[in-house]
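Q: Could we go through this structure together? I have some quick questions, and I would like the cut-offs spelled out as we go.

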Amino acid sequence: MSSEYKLLSQLTGPRDAVLSLAFSAKAKFLAAAGYSGVYIWDLSTSSSAPLPHMLFAPQNPKYVITASVWTYFQKTNRHILILGSMRGDILLWDWSEEAKRFNLLYRVHPMNDMQDEILSLDVHEQTVASGRIGRVVASTANRCISVWTLSSAGEFNKVFSTTLGHNLKPKTVRMCKITRDVFVFPLYGGEILRLDYKTGAIKSRRSPGPGRMGSVALNHTADKFVTYTGKNFQLYRLGNLEILKNFTAEAPVVSFPKQVAFGELETIVVGGTDRGCALVYNIESEEVVQRLSYPGGSLVQPVSTFTLPGCHLIAIAGSTQEQPSSVILFEKHIPEALQQTAPPHVVGDLRNKSTPPNISVPNSIHIGFYLPKIVIKLASIIGAVVFMFFALYYTMPKSLQVCALLDGF
């Protein structure tokens with residue numbers, strides 16, 4: 001079995017630079033957002049699913065999409081794509097399985113009608129279980145951090161908005177999968193903030209971190225992050241900002257921040273370059289294990305990864321302005337022996353989308369109550385004694401039942 005990624009598909013459509021790539025839950029869809037709006041492909045057919053009223057207007061900030069993320073509600077089987085524009089709009093598009101199209105669900109206009117570019121978007125859970133509420137966080141160029149709740153019925157409500165100090169530009173925001181708190185990674189300065197997910201209050205500050213953080217990926221347990229520092233990709237421990245790994249990259253030709261992502265159950269790191277390829281690093285060895293070539297060459301900024309029970313996926317796209325930018329999809333098969341031991345957050349099967357998978361995220365929050373085992377055991381013993389008493393009582397002759405009742409009084 002090959003240990004390398006193979007070309008799976010070349011998806012065409014974007015007529016200008018792509019700034020963001022995002023897989024939906026179960027890898028049903030892949031979205032490419034940027035200067036030519038948004039293009040979406042159904043990966044089971046490789047057919048495109050365009051968004052209505054999304055114009056090609058690369059000079060108009062309203063139609064330039066800078067960030068994208070998906071969420072999926074198991075209860076209603078709804079795929080919702082969340083987009084952020086260069087003007088500052090946040091848009092929610094809802095997939096209709098019956099009509100086979102996307103419909104605009106919600107639009108949040110920029111605050112005070114001022115242009116305020118959306119720099120980053122994230123969700124607490126990509127797959128929201130029945131009875132749970134989705135959460136969305138966004139950061140803007142005007143240093144604003146906002147959190148919303150999203151219900152399975154499509155209700156979108158703001159929880160809070162807070163504006164950070166003038167010395168902080170929140171380039172990337174990530175929501176902790178365990179606590180739901182928000183981590184803010186600024187482009188410059190090296191100070192990482194943790195905000196309360198209910199109020200936006202600063203719970204902690206960590207410094208000094210990397211002096212530059214162009215792109216950040218947070219692992220599932222929120223104890224490590226990998227970032228592009230302007231020269232290399234580096235892995236840090238979030239608690240004390242200790243450098244754990246250094247993934248050497250070639251000297252950049254342009255200063256655009258290259259995107260980075262964990263992959264293969266957090267055993268690899270995938271990073272973009274400006275040299276016509278994306279790089280795949282082995283986390284343990286810190287070495288480049290594969291170069292994923294982009295046919296258009298030049299700037300390859302956005303990358304995205306996804307793991308299914310049968311394969312690992314990597315998507316890359318071109319980011320050179322005023323040039324068509326295809327999305328290249330790569331696949332690496334997982335041997336059957338390894339599929340049997342895959343962790344529970346490995347989801348779905350790209351070739352069998354008719355049966356929604358049972359998804360659970362490691363270290364997820366338990367909602368409800370917990371009873372110690374000793375309490376459960378004691379309750380079982382008491383229940384058994386009570387049952388035996390009543391069984392014995394009702395099998396006694398009636399005359400003895402009367403006597404027993406009188407004795408009780």
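Q: Which residues form the nonpolar patch on the surface?
A: In this predicted model, Val253, Val254 and Phe256 form that patch, with about 260 Å² of accessible area together. Patches are made of residues with over 30% relative accessible area and no salt bridge, like charges being joined within 9 Å and nonpolar side chains (Val, Leu, Ile, Met, Phe, Trp, Tyr) within 5 Å. A salt bridge here is a side-chain nitrogen of Lys or Arg within 4 Å of a carboxyl oxygen of Asp or Glu, and accessible areas come from the Shrake-Rupley method with a 1.4 Å probe, where for residues only the protein chains shown count as cover.

Q: What should I know about numbering and confidence?
A: Residues are numbered from 1 along each chain as its sequence is written, and the model is a predicted one, in which local features need pLDDT of at least 70 and side-chain atom pairs count only at pLDDT 80 or more, while totals for chains, interfaces and linings use all residues. Side-chain values use heavy atoms, with hydrogens and water left out.

Q: Back to Phe256, where is it found?
A: Phe256 is found in the loop between strand E22 (243–247) and strand E23 (260–263); strands (E, at least two residues) and helices (H or I, at least four) are DSSP runs, numbered from the N terminus. Phe256 has a relative accessible area of 45% and is therefore partly exposed, given that buried means under 20%, exposed over 50%, and partly exposed in between (1.4 Å probe, protein chains only).

Q: How many cavities of 30 Å³ or more does the search find?
A: The search of the whole structure finds one, and the largest cavity has a volume of about 70 Å³. Among the residues that line the largest cavity are Tyr228, Pro252, Lys258, Asp274 and Arg275. A cavity is a set of points, on a 1 Å grid over the protein atoms alone, where a 1.4 Å probe fits but cannot get out, and lining residues have an atom within 4 Å of a point; grid points are joined across faces, edges and corners, and a volume is the space filled by probe spheres set on the points.

Q: Is Gly271 buried or exposed?
A: Gly271 is buried, with a relative accessible area of 0%, and is found in strand E24 (residues 268–272). Gly271 and Thr227 are 44 residues apart in sequence and 9.3 Å apart in space, C-alpha to C-alpha.

Q: Changing topic, what is the strand order in the open sheet of four strands?
A: The order is E2-E3-E4-E5, with antiparallel pairing. Strand E2 (18–23) and strand E5 (47–48) stand at the edges with a single partner strand each, so one side of each is left without a neighbour in the sheet. Two strands pair if DSSP finds at least two bridges between them, and five bridges join E2 to strand E3 (residues 29–34), where Gly34 is the bridge partner of Val18.

Q: And which residues does the cis peptide bond join?
A: That bond joins Ser207 and Pro208, with omega about -5 degrees, and Pro208 has its place in the loop between strand E18 (202–206) and strand E19 (215–218).

Q: What is phi at Ala222 and Leu265?
A: Phi of Ala222 is near 55 degrees, a positive value in a residue other than glycine, and Leu265, also not a glycine, has a positive phi of about 60 degrees. Ala222 is buried at 11% relative accessible area, whereas Leu265 counts as partly exposed at 32%.

Key
1 Å grid on protein atoms, 1.4 Å probe; cavity = no way out; pocket = protein on both sides within 12 Å on 5 of 7 lines; lining within 4 Å.
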